[in-house]
Amino acid sequence: MPPMEIISDLDRQGFRVDECHNMSNRRTGAPMPLFMISMASTDFHKSIFRTVSVIGYVKVIVEILRKKYGPPQCFRCQGFFHSSKFCTRTPRCVKCAGNHLAKECEKPFGDAPKCCLCGGEHPANFLGCPKNPKPRMDAEKERKRLQRASRINPEPPKENIWEQRSQTAAQSPASQPGPSTSTSQPGPSTTTSQPGPSAAPNNSNPVNSQNFPSDLFEKLNSPAVQDTFDLLEKFITIATTIPTKVGRIRELIADEVSC
């Protein structure tokens, strides 16, 4: 089908085509039943994938252009990141590494190929070639992805610093029982202490007392502490049930008056 007929038929359906050409086989150069069309990227033009199924009384399937896998590679010199359309380098064969174009290659079908980039037994367009930048690009992307993931979700520490401190404190000489290190010699004491208030042991600090837990529970059971807990419960109930500030103040005043 001539490309102009495709452009005219799509124009009648409302699609403005900028360019249309018949795609050809790379090996033989023969035209294929594939046409590439270019249009402006609009919402209406994107509907061509689901609305157009017939062009010139011929059933067709409209697909998005498939992206090429890997970096662009020149078909003339087998270099990367440039096109063969404007390449002026010495041609190198993709199959035998010779200084000629691929269509002029006379290598027998059964012979092993040779890469002109690394000298390996594979074509120059092999994605696993060591000289192909695709594996390096993938490895760099994976490295950056892992770095971002480590910043977002850092790994937990392998050692707990608080456990280390507790173990160090338990193993220190000051906490282990043993003979006294005092260098004083036994002998008669030269000071006398008189009984009185000052000679009594100082138990004012409840932290050093052995009865500290029981004393604390006794204080919590006192009536004054229980009344304070009741007041806190009333405040929490008022704060969570009354939405307005004025209403909460009125409830507090009324509760205080009733008390």
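Glu142 pairs up with Arg145 in a salt bridge, with the closest N and O atoms 2.5 Å apart. Keep in mind that this is a predicted model. Both residues sit in helix α4, 3 residues apart, which is about one turn of the helix. Glu142 counts as partly exposed because its relative accessibility is 37%, and Arg145 is partly exposed too, with a relative accessible area of 41%.

**More on helix α4**

Helix α4 covers residues 133–152, so to speak a run of 20 residues. From its first C-alpha to its last it reaches 29 Å, close to the 28 Å expected at 1.5 Å a residue.

Is Lys134 buried or exposed? It counts as buried, because its relative accessibility is 13%; the cut-off for buried is under 20%.

**The salt bridges side by side**

The count for the model comes to 5 salt bridges. Among them are these:

| Pair | N to O distance |
|---|---|
| Glu142 and Arg145 | 2.5 Å |
| Arg12 and Asp9 | 3.2 Å |

The Arg12 and Asp9 pair belongs to helix α1 (residues 3–12), and because the two are 3 residues apart there, about one helical turn separates them. Arg12 is exposed, with a relative accessible area of 64%, whereas Asp9 is buried at 11%.

**A nonpolar patch on the surface**

Now for the greasy side of things. Leu220, Phe229, Leu231, Leu232, Phe235 and Leu252 form a nonpolar patch on the surface, and together they have about 500 Å² of accessible area. Which helix gives the largest share of the patch? Helix α7 (residues 223–241) does, with 4 residues. Leu220 is placed in helix α6 (residues 212–220). This leucine counts as partly exposed, because its relative accessibility is 35%; residues need over 30% to be considered for a patch.

**Loop residues to look at**

Most residues other than glycine have a negative phi. Tyr57, though, has a phi near 65°, a positive value in a residue that isn't glycine. Tyr57 is found in the loop between β3 (54–55) and β4, and at 86% relative accessibility this tyrosine counts as exposed. Ala97 is no glycine either, yet its phi is positive at about 65°. Look for Ala97 in the loop between β4 and α4; with 24% relative accessibility, Ala97 counts as partly exposed.

The loop between β4 (58–59) and α4 also holds His122. Where does His122 stand, buried or exposed? At 13% relative accessibility, His122 counts as buried. Leaving out residues up to four places away in sequence, His122 touches Pro113, Lys114, Cys115, Cys129 and Pro130.

Conventions:
Residues are numbered from 1 along each chain as its sequence is written. This is a predicted model: local features need pLDDT of at least 70, side-chain atom pairs count only at pLDDT 80 or more; totals for chains, interfaces and linings use all residues. Side-chain values use heavy atoms; hydrogens and water are left out. The expected span of a helix is 1.5 Å times one less than its number of residues. Patches are made of residues with over 30% relative accessible area and no salt bridge: like charges are joined within 9 Å, nonpolar side chains (Val, Leu, Ile, Met, Phe, Trp, Tyr) within 5 Å. Accessible areas come from the Shrake-Rupley method with a 1.4 Å probe; for residues, only the protein chains shown count as cover. A salt bridge is a side-chain nitrogen of Lys or Arg within 4 Å of a carboxyl oxygen of Asp or Glu. Buried means under 20% relative accessible area, exposed over 50%, partly exposed in between (1.4 Å probe, protein chains only). Contact means heavy atoms within 4.5 Å.
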